[in-house]
Amino acid sequence: MIQTERLTKRFNGFTAVDGVNLTVRPGRILALLGPNGAGKTTTVRMLAAILMPTEGRAVVAGYDTRQDPIAVRQRVGLLTEQPGLYLRMYGGEYLEFFGRLYGLDLETCQRRAREWLDRFAMPEAWGRRIGEYSKGMRQKLALVRALLHDPPVLLLDEPTSAMDPHSAKLVRDAILSLRDERRTILVCTHNLMEAEVVADEIAIIRKGQIVALGTPAELKQQLLGPPLMELRLATSTDGARPVVARWAPVVEEGPNWIRYRADAPEKVNPAIVRALAEANIPVVMLSEVPRSLEAVYLRVVES
Amino acid sequence: MSEVGRPYEFRRSLWIRQIWHLLWRELRDYLRDWRILFPIFALTLLFPFVMRFITGYLESSFYERWGAEGVTTRLLPLMLLLVGFVPVSISLVIALETFVGEKERMSLEPLLATPLSNLQLYMGKMMAALLLPLMAATVGIAFYMTILPIQARPNASTLLQIMLLTFGKALVMVSGAVIVSSQTTSVRAANLLASFILVPMALLVQQESFILLEGGNRLLWYILLFLLVANVMLVRMGIRLFNREELLGREIDELNLRNIWRMFRKYFVWERWFFGQPPERLPRSLRWVSTWTGLYLREIPRILGRSRLALALVLVSLLGAIWVGGALAIRFRLPSEYIPLNQVTEETFRQASAALPWLPALTVWGILGNNLRSLTLAAILGTCSFGALAAILLMIPIAIIAYLTFQVAWAGYDPLVFLLTFIFPHGVLELPAAIFATALAVRLGATFIAPPRGMNVGEGWMQALTDFVKGFLGVAVPLLALAAAVEVFLTPALVLAVYGK
């Protein structure tokens, strides 16, 4: 569980995070989006009890970050923006070191580390010097480091940056597989497709403030208006337009297609299809016009 | 908000193990870096050979040319000092790199995200930086001893002193360097600041050499004590200064004058106050009064409150000064004819001033200027010495007064009358002003070791500085000016009236 209340951080008069209120329940994944310098990393650092809030508070995994920072850090897995590895160390040695710092015994540490390395398709990384790894391997090793102590809260800052598409998919799948009833995950990313795929909820942060929060569908509804439906016909639209217009406002029209906005598609769409059938107008296809999260994001950050 | 869990359970064994894991990782990393290993190896095993060759050469050349047979025996401990110190200087490089190097390589944040406390991180890193050079120094000294002829080896006491001095210097250098490393944002900046550590230590080695040549082994124990105290101060300072916020929050070492000025103003400005009345309700022409009542009735008491520990420390050190004055008086008792109080005339006053040119001229400006210079110096020295030298500076005149009072008593005069005539008239103003200003100067240095709660060192020091400025200008200067006037116009008249012929 992550819960923040007016979480604020100032550095020498500069407000990096300004009164952030967030709640992420166990079993949920929240994607924190925002332009560079919006306050994502500072928020994550406060949630990881590395930085203390100037005002407000955060409770992570049941512990207040200000009052019990060590308990919070014990229960948080943090993937930092930069992998931050010790390049002279061997992969296995590195994971053992961090596992031991988190209080794991050597056997558990080695077993979990090997399992994760296998899962990320890099079992050979155990015996190789980190300095010899590719960028993607380094990122995956850092992710294993964050997962090693099986934390109930995962804070992942740009988890798939610098990864090739295959590795990125492996990591995304891993994140989805990590979602269970007791684990809370927060992902900071610039990859909007990734956010849409993995996140239950999206929060957009701008100039240190949360400016939009909700499920992807809610945000689209809220910021882009009701869903846009496209009706394709086997004939021209001449007879169909007045039928559709009875149920929903028509937005655009082509030779054999009509687009309309539907506040409640589950009610409007069957009614339109039924009406068209009664009027003997053959329907080829009815579908929602895809609206990307990118449109939502740009609408928010440019406003 | 959700339920907050139980506090983190502290387990001593895990606490120690975590430090050990950190220490061991660091050591392993150093042992894989040939840039660290090679100099340590060279300085540990080759340097003693070089030193042995130099002493052999000096021995033969001096003996052949001057017949100076004992030179080598005298030089050997100096060579041991160098054999120990040179590998230890490597510790500076390692310690300087310890935090800021990790920050530059961006490997620090994952470490800061672990459940290690600030103290564990500090201790693990510091011990790792210390261990290898100390081992190298020990091996170097041992190796040097084995290649020396038995009759040329220094005795056990000197050897122990040299070992302890080497360890003491290593500790001071490492604890100083760890502070530098945790407060800078680049290895380059840390290296630039390293000279502030290395130069005093190199000078100390020189001084130790002179002392060893002179055979002043007792003085070396005092140096060791000094190193120990300095080390305790630096470690405490390091632990207080080391925090995750500073390490991650600061990105550039910038001298931002605007920010400094803004912070100075923030702490310098005090609230206007006029006996509970809003200053705006005062007649416009009288509002300035609320600035002064605010300063003297609200702000100065607050400054006194913030300075209570420093004030207590200054008062204790003044008691110490009286004790020192008394002890010196017992040891160096003056013959009574050296204290001719019953022969004081205006002429003797003038003669005394001429005979003691280091005393300030007996004018208001002369005395005031001298006192202001002393207290300004106290502030500067206090800042550079964690406050210690500021207190010592005030102890000196008090010890002198105590010394003279004892002498006066032994010469057959009433010490109370002496104090009431020579000291009290101006001292009643001067001493409180000096104690207050010295306490503020002590805070300027002590802030580095113990910044006030909720403040970082920069904020704490700025508050101490603004408190010093307000206390100095608002309290000390007016009191000292009055005291100087009393000392010039009243004290001599009183002395002449009581003792004069």
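## Domain contact in chain B

Seven residues of domain 1 of chain B touch seven residues of domain 2 of chain B. The model is a predicted one. In the domain assignment of chain B, domain 1 covers 12-249 and domain 2 covers 307-499. Taken over C-alpha atoms, the centres of domain 1 and domain 2 of chain B are separated by 40 Å.

About 730 Å² is buried between domain 1 and domain 2 of chain B, with 68% of that area on carbon and sulfur atoms. On the domain 1 side, the residues that lose the most area to domain 2 of chain B are Met233(B), Met237(B) and Arg240(B), which together account for 64% of what that side buries. Helix H9 (residues 217-241) of chain B gives the largest share of this side of domain 1, six residues. By class, the side of domain 1 of chain B that touches domain 2 has four nonpolar and three charged residues, and no polar ones.

## Interface of chain A and chain B

Between the chains, 41 residues of chain A are in contact with 36 residues of chain B. The area buried between chain A and chain B is about 3700 Å², and carbon and sulfur atoms give 58% of it. On the chain A side, Tyr86(A), Arg88(A) and Leu101(A) lose the most area to chain B, together 19% of what that side buries.

Five salt bridges are found by the rule across the interface of chain A and chain B. Arg88(A) also meets Asp29(B) in a salt bridge between their side chains, at 3.6 Å from N to O. The count of residue pairs in polar contact between chain A and chain B, both at pLDDT 80 or more, is eight.

Several elements give two or more residues to the side of chain A that touches chain B: strands S1, S4 (55-60) and S5 (63-64), with helices H2 (69-75) and H3 (91-101) of chain A. The residues on this side of chain A divide into 20 nonpolar, 13 charged and eight polar.

Strand S1 (residues 2-11) of chain A runs antiparallel to strand S2 (residues 14-24) of chain A, and seven bridges join them. Ile2(A) stands opposite Val24(A) in S2(A). The hairpin of S1(A) and S2(A) has two residues between the strands, and Asn12(A) in this hairpin takes a positive phi near 45 degrees. S1 of chain A is also among the elements that give two or more residues to the side touching chain B.

## Domains of chain A

The domain assignment of chain A gives domain 1 as 2-214 and domain 2 as 227-290. The C-alpha centres of domain 1 and domain 2 of chain A lie 45 Å apart.

Definitions and conventions: Residues are numbered from 1 along each chain as its sequence is written. Chains are lettered from A and ligands numbered from 1 in the order in which they are written. This is a predicted model: local features need pLDDT of at least 70, side-chain atom pairs count only at pLDDT 80 or more; totals for chains, interfaces and linings use all residues. Side-chain values use heavy atoms; hydrogens and water are left out. Domain bounds come from an automatic or database domain assignment. Contact means heavy atoms within 4.5 Å. Buried area is the accessible area (1.4 Å probe) that two parts lose on being put together, summed over both. Helices (H or I, at least four residues) and strands (E, at least two) are DSSP runs, numbered from the N terminus. Ala, Val, Leu, Ile, Met, Phe, Trp, Tyr, Cys and Pro count as nonpolar, Asp, Glu, Lys and Arg as charged, and the others, Gly among them, as polar. Two strands pair if DSSP finds at least two bridges between them. A salt bridge is a side-chain nitrogen of Lys or Arg within 4 Å of a carboxyl oxygen of Asp or Glu. A polar contact is a pair of N or O atoms within 3.5 Å; within protein, one must be able to donate a hydrogen and the other to accept it, and residues adjacent in sequence count only if both atoms are side-chain atoms.
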